[in-house]
Amino acid sequence: MQSRKRTRQRSPAEATFTVVSSAGNTYADWASPYFSPTEMATIGAFTADADGDGIPNGIESAMGTHPRQASSRATITTDMGTNGSLLHLRFQRAEPLPSDVTLTVRTSPDLGSDNWTLLTQKTGSGAWSTPAAVVEGTAAGGIVPVAVHALSAGPSHLFMRLEVSQAPPP
Ligand SMILES: [Ca+2]
């Protein structure tokens with residue numbers, strides 16, 4: 001009796017991935033892949049820091065970093081313009097920014113008092129409230145580089161800060 005050996009042609013591995021985008025784009029929508037519904041009330045909360053990197057989840061959602069990987073952190077830098085009076089605050093933001101997350105940049109002539117003036121802010125996909133103070137780069141990988149500038153005309157010192165807050169969805 002003769003046996004026959006059959007060789008089957010193998011095709012290259014193929015896989016199809018479907019990205020399902022939920023209709024909403026709130027902080028909760030952003031967090032849902034990272035946290036169980038039970039965790040959302042604890043380590044998944046906006047102000048919690050699930051990975052212990054010192055960056056609350058809400059800021060991670062605004063900056064497009066991973067809330068459960070401590071090595072995934074964004075940086076905020078400052079630098080002066082060439083004329084020495086224009087201060088830049090540079091950071092990255094998530095694109096899209098969750099619809100109930102607001103970025104606010106304020107300036108202060110000193111750190112000794114609660115004297116912070118609104119420079120510009122942005123909620124979700126809305127525009128920056130003072131677009132002339134903001135330069136955004138090209139979005140790549142869900143991240144947009146942002147530079148906010150303020151003119152330090154009078155005081156010899158100028159401070160800038162970035163706030164991330166959550167508001168109920170409109
Ligand atoms: Ca964190």
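## Terms and model

Two strands count as paired if DSSP finds at least two bridges between them. Helices (H or I, at least four residues) and strands (E, at least two) are DSSP runs, numbered from the N terminus. The model is predicted: local features need pLDDT of at least 70, side-chain atom pairs count only at pLDDT 80 or more, and totals for chains, interfaces and linings use all residues. Residue numbers start from 1 along each chain as its sequence is written.

## Overall composition

The chain contains two helices and seven strands, in the sequence pattern α-α-β-β-β-β-β-β-β.

Of the 170 residues in the chain, 23% are buried, that is, with 20 or more other C-beta atoms within 10 Å of their own, the C-beta atoms being placed from the backbone. Among contacts (C-beta atoms, placed from the backbone, within 7 Å) with a separation of 6 or more, 53% are between residues 24 or more positions apart.

## The sheet

Strands of a sheet pair through backbone hydrogen bonds, either parallel or antiparallel. Here an open sheet of three strands has the order β4-β3-β7, with antiparallel pairing. Its edge strands, β4 (117-123) and β7 (159-166), each pair on one side only. From one strand to the next the twist averages 20°, with axes taken as lines fitted to C-alpha atoms and angles running from 0 to 180 degrees between N-to-C directions.

Strand β3 (residues 101-108) is joined to β4 by six bridges, and the two run antiparallel. In this pairing, T102 is opposite T123 of β4.

## A cis peptide

The peptide bond between E95 and P96 is cis, with omega about 5°. P96 lies in the loop between β2 (86-94) and β3.

Methods: A residue is buried if 20 or more other C-beta atoms lie within 10 Å of its own, exposed if 12 or fewer, and partly exposed in between; C-beta atoms are placed from the backbone. Two residues are in contact if their C-beta atoms, placed from the backbone, lie within 7 Å.
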